[in-house]
Protein chains: 2
Amino acid sequence: MASTTKYPVVDIHTHVYPPSYIDLLKSRSTIPYIITSDGSLRLVILPAEDTESTSRGRPVGPEYYDITQKIAFMDKHSVDISVISLANPWLDWLPTEAAAEAARSLNDEVERECEKYPGRLFAFATLPLSGGGAAIVEEIERLQSLKYTRGVILGTTGLGKGLDDEALLPIFKALQDAKLPVFLHPHYGLPGSVWGERANDYGHVLPLALGFPLETTIAVTRMILSGVFEKAPELQMILAHSGGTLPFLAGRIESCIEHDAHLKAEGKLGEGRKTVWEILRKNIYLDAVVYSEVGLKAAVQASGEDRVMFGTDHPFFPPLEEEGGKWASVETNYGAIKGALGSGSDEAKGALGGNAVRVLNLTI
Amino acid sequence: MASTTKYPVVDIHTHVYPPSYIDLLKSRSTIPYIITSDGSLRLVILPAEDTESTSRGRPVGPEYYDITQKIAFMDKHSVDISVISLANPWLDWLPTEAAAEAARSLNDEVERECEKYPGRLFAFATLPLSGGGAAIVEEIERLQSLKYTRGVILGTTGLGKGLDDEALLPIFKALQDAKLPVFLHPHYGLPGSVWGERANDYGHVLPLALGFPLETTIAVTRMILSGVFEKAPELQMILAHSGGTLPFLAGRIESCIEHDAHLKAEGKLGEGRKTVWEILRKNIYLDAVVYSEVGLKAAVQASGEDRVMFGTDHPFFPPLEEEGGKWASVETNYGAIKGALGSGSDEAKGALGGNAVRVLNLTI
């Protein structure tokens with residue numbers, strides 16, 4: 001049952017592990033990989049999770065790989081359209097020679113999932129990052145022929161040196177020219193030392209609540225500082241988790257740039273530099289996965305009410321107790337939009353779906 | 001010449017290196033220390049700065065140690081009252097046996113600086129952190145007898161293991177009982193690996209613009225998770241740089257806590273837990289050193305219009321070109337308050353000074 005609202009609700013932050021990706025991870029014996037424990041699958045993607053214990057990795061149920069469960073989730077939460085993306089760690093880890101074919105196969109498989117529910121599913125594709133520049137650009141060109149693909153998902157390491165790596169510029173330009181937005185998503189977090197000796201006392205809170213958004217903030221700031229947005233001026237980035245913390249820190253970043261003696265001496269502060277605010281309003285879109293009115297308002301004020309897009313992060317953050325009702329994590333993000341922008345307002349409708357339909361051209 | 005406005009403007013984030021602290025740093029040969037280069041003093045406080053180059057460390061002029069320059073800065077920028085604090089790295093690095101006496105001497109010296117301008121200067125004191133719990137608690141008790149001291153400044157390492165260290169609890173309780181707010185300020189940043197190979201291309205921007213606020217966010221979140229605010233329920237924290245990124249991330253932190261299976265299994269999600277929002281509105285104050293309306297609004301919405309306090313971060317972030325006019329960094333923070341809260345509004349007056357006068361009892 002689709003939403004009965006009069007405007008589409010679009011979820012742009014919603015993940016899948018297609019069956020072939022599950023098989024790929026099952027065939028491995030080092031992270032990232034999937035183990036079978038007590039008859040159920042567990043995904044181990046971070047070194048800290050790879051321990052001989054009952055909490056090794058995290059359970060992977062059919063909500064990760066069965067597309068009918070995605071549709072059921074959408075129906076339950078009044079989501080009309082989902083733009084699905086592979087969850088981390090994508091294909092960052094594949095051997096060079098295997099990357100191109102794996103990406104093609106995976107992107108085609110996701111495309112076929114979208115075909116099963118015409119108009120309800122679109123996709124962000126996965127790049128063969130370990131395959132080298134030519135393979136990546138070739139896949140970007142091929143993606144333009146896929147009916148349901150509307151962009152690519154990208155982690156923060158790029159080719160291994162981060163997103164301020166000059167070797168990435170041809171890739172960013174190819175994405176710009178293909179008009180394929182980049183959905184920037186964290187995975188690697190921060191070095192474990194920053195969480196302190198007691199980190200394990202706090203479950204996954206520190207790396208999930210802080211590591212992810214801080215990683216995104218650092219990655220996009222390095223892009224800004226390296227001049228990506230001057231060199232690929234039409235590049236479109238959609239930042240996960242409302243930009244990590246970029247809306248809140250934009251003023252400090254801009255002030256630190258303007259006060260930096262080295263940048264001034266290097267002639268980097270003159271005409272032609274796009275400010276952080278200009279980049280936020282010209283190149284950056286923000287999802288609305290921020291779990292508060294405070295954060296959502298900051299996102300809207302920083303980037304513009306026409307640049308923020310609802311998301312759920314499904315299948316992550318399910319309720320701790322199976323009650324069959326709506327997920328609190330989703331309701332919190334719905335509530336943030338309605339609280340910050342006004343229930344039923346044009347701004348809320350834009351954030352809930354209108355912006356995504358316009359920016360990602362979600363019609364078939 | 002003091003401000004001609006009808007309400008006091010109070011700067012709660014403004015640093016000094018008193019003359020004896022300069023002498024202490026001059027006497028050392030490893031970081032933190034002060035070198036003399038071409039006849040001028042340079043302060044080296046971070047490993048990355050300690051290189052044999054013309055940019056070793058940073059220049060330390062009289063604006064750091066001459067209190068008349070603080071007053072001149074205040075007059076130029078219409079600041080009526082400053083609550084001065086030692087800049088990082090404080091006394092974190094002193095040998096155990098030297099800590100207590102150094103802290104007493106330093107805090108008394110700052111007190112004498114305040115006495116020179118009665119009513120215009122108050123102070124956050126420095127704790128002898130390396131001196132051990134008894135020495136620290138003893139100094140906290142002594143501070144209550146100092147006429148101009150209104151709290152303490154604290155970095156993020158505490159006794160060496162971070163602020164979620166159980167050994168800090170008696171210290172937090174002593175500060176609570178003494179009604180001395182803690183001004184939490186970053187210094188150590190994040191591990192250099194997160195900035196990537198090109199970090200030096202960007203001057204000091206990444207560690208200053210991101211490392212500092214992210215460090216603060218991590219430190220206070222670790223305090224929240226360890227239950228400090230339940231165990232010392234009246235503890236008052238003033239967070240530098242508007243909480244780092246806490247106002248923006250509070251929703252995500254709260255959601256991650258509520259969805260954490262480990263915390264639930266440990267019985268940590270039941271009654272008695274203060275939510276992040278409750279802590280923001282009960283235990284936390286935020287300075288207004290955030291350089292944008294977007295950030296300032298988020299700070300006010302998260303913590304409350306009566307809990308945000310103007311600051312300048314003087315003597316850091318001077319204009320790159322000596323023009324004799326007002327500092328852009330200060331004007332940006334003034335503008336953020338006026339833009340976000342309305343010029344001349346009661347809320348703006350509170351943020352500019354009224355809140356600080358009330359919370360810190362800035363009368364003599």
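Of the 364 residues in chain A, 62% are buried, where buried means under 20% relative accessible area, exposed over 50%, and partly exposed in between (1.4 Å probe, protein chains only).

A word on the model: it is predicted, so local features need pLDDT of at least 70 and side-chain atom pairs count only at pLDDT 80 or more, while totals for chains, interfaces and linings use all residues. Residues are numbered from 1 along each chain as its sequence is written, chains are lettered from A and ligands numbered from 1 in the order written, and side-chain values use heavy atoms, without hydrogens and water.

Now hop over to chain B. In helix 3 (residues 67-76), B:I67, B:K70, B:I71, B:F73, B:M74 and B:D75 are buried. Their cover includes strand 1, helix 2, strand 5, helix 4, strand 6 and helix 13 of chain B.

Helix 4 (residues 96-115) and helix 5 (residues 133-143) of chain B pack at an angle of about 20°, with their axes 10 Å apart. That makes the two helices roughly parallel, a label for angles under 35 degrees. The contact (heavy atoms within 4.5 Å) is made by B:A100, B:A103, B:R104, B:N107 and B:D108 of helix 4 and B:A135, B:E138, B:E139, B:R142 and B:L143 of helix 5. These residues divide into four nonpolar, one polar and five charged.

Most residues other than glycine have a negative phi, and most peptide bonds are trans. In chain A, the bond from A:I31 to A:P32 is cis, with omega near -5°, and A:P32 lies in the loop between helix 1 and strand 2. The bond from A:N88 to A:P89 is also cis, with omega near 10°. In chain B, B:D313 has a positive phi near 65° and is buried, with a relative accessible area of 4%.

How values were computed: Axes are lines fitted to C-alpha atoms, for helices over the stretch in contact, and angles run from 0 to 180 degrees between N-to-C directions. Helices (H or I, at least four residues) and strands (E, at least two) are DSSP runs, numbered from the N terminus. Angles under 35 degrees count as roughly parallel, over 145 as roughly antiparallel, 65 to 115 as roughly perpendicular and the rest as oblique. Ala, Val, Leu, Ile, Met, Phe, Trp, Tyr, Cys and Pro count as nonpolar, Asp, Glu, Lys and Arg as charged, and the others, Gly among them, as polar.
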